[in-house]
Amino acid sequence: GDEKLSQLLDKLPKYVVTPEYRVDCPDDKKFEVVEMLAEYFARDHEVITVDGARVKIDGGWGLVRASNTQPALGLRFEAVTQEKLDEIFDLFQATLKTEAGLYLAR
């Protein structure tokens, strides 16, 4: 094809991504929390547990992993629309609160 790279890129789906969010979590609990969230989400979603727990949700995904350097969890989200991103964020926020007593702030 004679298409320019910019034209090819225009055809790719656009995603809305977030920076990494940080949630304080004690060092002795952070890996346990990630494992527990992976098990919780695996009931209804595909979860990839290579580096943390990446939860595939229709239209996007959410990732939670234990920080290697701090008593914290790192979370990132990606979705096809801002609305979908908000939905995924809210799901993780609610799950962290109810399942682990942790607060994820926007």
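Is Glu87 buried, partly exposed or exposed, and at what relative accessibility? Glu87 counts as partly exposed, because its relative accessibility is 46%. A caution before I go on: this is a predicted model. Glu87 sits in helix α3, which covers residues 82-100.

Next, another glutamate, Glu78. This one belongs to strand β6, residues 72-79. Glu78 is buried, yet it has no salt bridge. The nearest side chain of opposite charge is that of Arg76, at 4.9 Å. A salt bridge needs a nitrogen–oxygen distance within 4 Å. What is Glu78 in contact with, once neighbours within four places in sequence are left aside? The list is Tyr15, Val16, Val17, Gly59, Gly60, Trp61, Leu85 and Ile88.

Now the surface patches, starting with charge. Glu35 counts as exposed, because its relative accessibility is 52%, and the cut-off for exposed is over 50%.

The other patch is nonpolar. Leu5, Leu8, Leu9 and Leu12 make it up, and together they have about 390 Å² of accessible area. Leu12 is placed in the loop between α1 (5-11) and β1 (16-17). At 48% relative accessibility, Leu12 is therefore classed as partly exposed.

To recap the glutamates: Glu78 is buried, Glu87 is partly exposed, and Glu35 is exposed. That is what I have for today.

Technical notes
Residues are numbered from 1 along each chain as its sequence is written. This is a predicted model: local features need pLDDT of at least 70, side-chain atom pairs count only at pLDDT 80 or more; totals for chains, interfaces and linings use all residues. Side-chain values use heavy atoms; hydrogens and water are left out. Buried means under 20% relative accessible area, exposed over 50%, partly exposed in between (1.4 Å probe, protein chains only). Patches are made of residues with over 30% relative accessible area and no salt bridge: like charges are joined within 9 Å, nonpolar side chains (Val, Leu, Ile, Met, Phe, Trp, Tyr) within 5 Å. Accessible areas come from the Shrake-Rupley method with a 1.4 Å probe; for residues, only the protein chains shown count as cover. Helices (H or I, at least four residues) and strands (E, at least two) are DSSP runs, numbered from the N terminus. Lys and Arg count as positive and Asp and Glu as negative; His and the chain ends are not counted. Contact means heavy atoms within 4.5 Å.
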